[in-house]
Amino acid sequence: MTTRKTPSISSRKEPRQARSAQLVSDILEAAVRVLTQDGARRFTTARVAERAGVSVGSLYQYFPNKEAILFRLQSDEWKQTGGLLQTMLADRTLQPAERLRAIVRAFFRSEVEEATLRIALADAAPLYRDAPETEAHRKAGRRHVMLFMREALPRATPRERSAAADIMVMSMGAVGAQVSEEGRRAAEVERLASAMGDMFAAYLDRLNSA
């Protein structure tokens, strides 16, 4: 049985000049349009190059394949949202429960604001989710969450903290995805975020009191 090789999704090189940076920016903007308008199944490097008004050869200078472009879009989204959430997790001016409430609100808002792109990227995820670069991102995010759990649950065992992290992350992801897909109104989203934040805070209290 032949094992399918995971394609390389790392960019070939980083632009160093303003002209090159603009070219990459044009490619990524075109990629967003192709992905959100045509869908993951019709996403190709040729379509992206055509929409960006560049040659396929120019595109390949920076991205070896369509998976690399899609991962770059996902990576940029992760950096924007993940960076904000990681900063909030580390903000010790707030108690852990208040940080959780703020994080849930921020996450749900981002799900609504970027709903079209989030849904499209979710459809495209099978093309890059098993790549080493994606796994490295998951591990980095997990480290930040576990640092927070160590502070929020000082008396819990590592296994208990890990389980709590899984419950919270998976719950946020599942409900956040549903919020994106259903296109709920801002007021509804705020109510959901508030309720989930309160649930997480109560969960932490229960674990700390056990």
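# Exercises on pockets, salt bridges and helix packing

Helix α8 gives the most to the lining of the largest pocket, with 11 residues. This is a predicted model, in which local features need pLDDT of at least 70, side-chain atom pairs count only at pLDDT 80 or more, and totals for chains, interfaces and linings use all residues. Residues are numbered from 1 along each chain as its sequence is written, and side-chain values use heavy atoms, with hydrogens and water left out.

## Exercise 1

Describe the largest pocket by volume, lining and residue class.

Solution. 

Step 1. A pocket is defined on a 1 Å grid over the protein atoms alone, as an open set of points where a 1.4 Å probe fits, with protein on both sides within 12 Å along at least five of seven lines; lining residues have an atom within 4 Å of a point. Grid points are joined across faces, edges and corners, and a volume is the space filled by probe spheres set on the points.

Step 2. The largest pocket holds about 1400 Å³ of space. Its lining has 40 residues, and those closest to the centre are Trp78, Phe107, His137, Val169 and Gly173.

Step 3. Two or more lining residues come from each of α4, α5, α6 (115-124), α7 and α8 (158-182). Helices here are DSSP runs (H or I, at least four residues), numbered from the N terminus.

Step 4. By class, the lining has 21 nonpolar, 10 polar and nine charged residues. Ala, Val, Leu, Ile, Met, Phe, Trp, Tyr, Cys and Pro count as nonpolar, Asp, Glu, Lys and Arg as charged, and the others, Gly among them, as polar.

## Exercise 2

Solution. 

Step 1. The elements that supply two or more lining residues are α4 and α5; α4 gives the most, with six residues. The class count is five nonpolar, three polar and five charged residues.

Step 2. With a relative accessible area of 10%, Glu77 is buried (under 20% relative accessible area; exposed is over 50%, partly exposed in between; 1.4 Å probe, protein chains only).

Step 3. Leaving aside residues up to four places away in sequence, Glu77 touches Gly82, Arg118 and Leu121, where contact means heavy atoms within 4.5 Å.

## Exercise 3

Solution. 

Step 1. Side chains of opposite charge can pair when their charged atoms come close. A salt bridge is counted when a side-chain nitrogen of Lys or Arg is within 4 Å of a carboxyl oxygen of Asp or Glu. The whole structure has 13.

Step 2. Asp76 and Arg72 form a salt bridge at 3.2 Å, N to O. The two residues are four apart in helix α4 (residues 66-89), so about one helical turn separates them. Asp76 is partly exposed at 30% relative accessibility, and Arg72 is partly exposed at 21%.

Step 3. Arg92 and Glu151 form a salt bridge at 3.6 Å, N to O. Arg92 lies in the loop between α4 and α5 (96-113) and Glu151 in helix α7 (residues 132-152), so the pair ties together parts 59 residues apart in sequence. Arg92 is exposed at 65%, whereas Glu151 is partly exposed at 26%.

Step 4. In the salt bridge of Glu190 with Arg109, the closest N and O atoms are 2.7 Å apart. Glu190 is in helix α9 (residues 186-209) and Arg109 in helix α5, 81 residues apart. Glu190 is partly exposed at 29%, as is Arg109 at 39%.

Step 5. Asp38, Arg47 and Arg51 are linked in a network of salt bridges.

## Exercise 4

Check the span of α5, then state what covers the buried residues of α5 and what those of α6 pack against.

Solution. 

Step 1. The expected span of a helix is 1.5 Å times one less than its number of residues. For the 18 residues of α5 this gives 26 Å, which agrees with the 26 Å between its end C-alpha atoms.

Step 2. The buried residues of α5 include Arg99, Phe107 and Glu111. Their cover includes α4, α6, α7, α8 and α9.

Step 3. In α6, the buried residues include Arg118 and Leu121. The buried residues of α6 pack against α1 (18-38), α4, α5 and α8.
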